[in-house]
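Subject: The structure, and what turned up in it

Hello,

Here is the structure I promised to pass on. Please have it open while you read, as my notes follow below.

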Amino acid sequence: MLISDFIGDLIGELFSGILDAIIPIPKSKLEKNIGELKGEEWFSQLDKDVRYNYIIWHNKKVKRFLSKPENIKILKSSEEERERFIALVIKEHKKFTGIR
């Protein structure tokens with residue numbers, strides 16, 4: 001029974017991998033926008049920090065903000081908005097960890 005389950009799972013994984021290679025799934029707005037911001041030095045450093053990377057990908061407020069292309073344009077052009085965004089990420093990280 002265990003071997004047949006393993007073989008079934010293996011075949012399913014192989015089939016899924018082949019389908020993903022043949023029919024690429026489009027990136028979400030969030031993935032595209034984060035990819036665009038990774039070209040910015042300030043965001044790249046924020047993203048490399050494990051604490052903040054988690055918040056960027058999993059916090060509702062941050063994800064909602066980053067999902068809007070107009071916000072990405074603002075972040076890329078305004079130092080003040082970048083500082084506000086970084087402060088938001090840090091604040092949400094502190095909430096997540098319970099640090100005050």
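Let me start with a pair of helices: α3 and α4 are roughly perpendicular to each other, a label given to angles of 65 to 115 degrees (under 35 counts as roughly parallel, over 145 as roughly antiparallel, and the rest as oblique). Their axes cross at roughly 100 degrees and come within 5 Å. Axes here are lines fitted to C-alpha atoms, for helices over the stretch in contact, with angles running from 0 to 180 degrees between N-to-C directions. On the α3 side, Phe43, Leu46, Asp47 and Lys48 meet Val50, Tyr52, Asn53, Ile56 and Trp57 of α4; contact means heavy atoms within 4.5 Å. By class, the residues of this contact are six nonpolar, one polar and two charged. In that scheme Ala, Val, Leu, Ile, Met, Phe, Trp, Tyr, Cys and Pro are nonpolar, Asp, Glu, Lys and Arg are charged, and the others, Gly among them, are polar.

A word on how to read all this: the model is predicted, so local features need pLDDT of at least 70 and side-chain atom pairs count only at pLDDT 80 or more, while totals for chains, interfaces and linings use all residues. Residues are numbered from 1 along each chain as its sequence is written, and side-chain values use heavy atoms, with hydrogens and water left out.

The overall picture

The protein has seven helices and zero strands, where helices (H or I, at least four residues) and strands (E, at least two) are DSSP runs numbered from the N terminus. If you take the contacts between residues at least 6 apart in sequence, 58% of them join residues at least 24 apart.

Back to α3

Which residues of α3 are buried? They are Trp42, Phe43, Ser44, Leu46 and Asp47. These buried residues pack against α2, α4 (50-58), α6 and α7.

Aromatic rings

The whole structure holds five aromatic pairs. Rings of Phe, Tyr and Trp (its six-membered ring) pair if their centres lie within 6.5 Å; planes under 30 degrees apart are stacked, over 60 edge-to-face, and the rest tilted. One of these pairs is Trp42 with Phe85, which is edge-to-face at 6.1 Å centre to centre and 80 degrees between the planes. This pair links distant parts of the chain, with Trp42 in helix α3 (residues 41-48) and Phe85 in helix α7, 43 residues apart. Both Trp42 and Phe85 are buried. Together with Phe43 and Phe65, they form one aromatic cluster.

What packs against α7

Helix α7 (residues 79-97) packs with helix α6 (residues 69-77) at an angle of about 110 degrees, the axes being 5 Å apart. That makes α6 roughly perpendicular to α7. In this contact, Ile74, Leu75, Lys76 and Ser77 of α6 meet Glu79, Glu81, Arg82 and Phe85 of α7. The residues here divide into three nonpolar, one polar and four charged.

Helix α4 also packs with α7, at about 95 degrees and with axes 9 Å apart, and these two are therefore roughly perpendicular as well. Arg51, Tyr52, Tyr54 and Ile55 of α4 meet Val89, Ile90, Glu92, His93 and Phe96 of α7. This contact has six nonpolar, one polar and two charged residues.

Leaving aside neighbours within four places in sequence, Glu92 is in contact with Ile55, Asn59, Lys61 and Val62.

Glu36 sits in helix α2 (residues 29-37) and is partly exposed, at 38% relative accessible area. Beyond its neighbours within four places in sequence, Glu36 is in contact with Ile72 and Lys76. The side chains of Glu36 and Lys76 are joined by a polar contact of 3.2 Å. Such a contact is a pair of N or O atoms within 3.5 Å; within protein, one must be able to donate a hydrogen and the other to accept it, and residues adjacent in sequence count only if both atoms are side-chain atoms. From C-alpha to C-alpha, Glu36 and Lys76 are 9.5 Å apart, and in sequence they are 40 residues apart.

Methods:
Buried < 20%, exposed > 50% of the residue type's maximum accessible area, 1.4 Å probe, protein only.
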